[in-house]
Amino acid sequence: MTLWRKSSRSNSTANCVEVAHLPTRVAARDSKNPVPTITFPATSWARFLRAQ
């Protein structure tokens, strides 16, 4: 089972981003339209978060 987490910046009236941490990758999706998803290598996701 994949555990999806909603972004803390999301609210109930807007499209929300959800993220799931997989063994070597990170998946992201739109909570209102969960298919398709996009996945990234975990190292790329970490670089993306540091780039804020």
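Visitor: Which strand gives the most to the lining of the largest pocket?
Guide: This is a predicted model, where local features need pLDDT of at least 70, side-chain atom pairs count only at pLDDT 80 or more, and totals for chains, interfaces and linings use all residues. Residues are numbered from 1 along each chain as its sequence is written, and side-chain values use heavy atoms, without hydrogens and water. With 3 residues, the top contributor to the lining is strand 2 (strands are DSSP E runs of at least two residues, helices H or I runs of at least four, numbered from the N terminus).

Visitor: What volume does the largest pocket have?
Guide: A pocket here is an open set of 1 Å grid points, over the protein atoms alone, where a 1.4 Å probe fits, with protein on both sides within 12 Å along at least five of seven lines; lining residues have an atom within 4 Å of a point. Taking the space filled by probe spheres on points joined across faces, edges and corners, the volume is about 290 Å³.

Visitor: Of the residues that line the largest pocket, which are the closest to its centre?
Guide: Strand 1 (5-6), strand 2 (17-21) and helix 1 (42-50) each give two or more residues to this lining. Of its 10 residues, the closest to the centre are Arg5, Ser7, Val19, Trp45 and Leu49.
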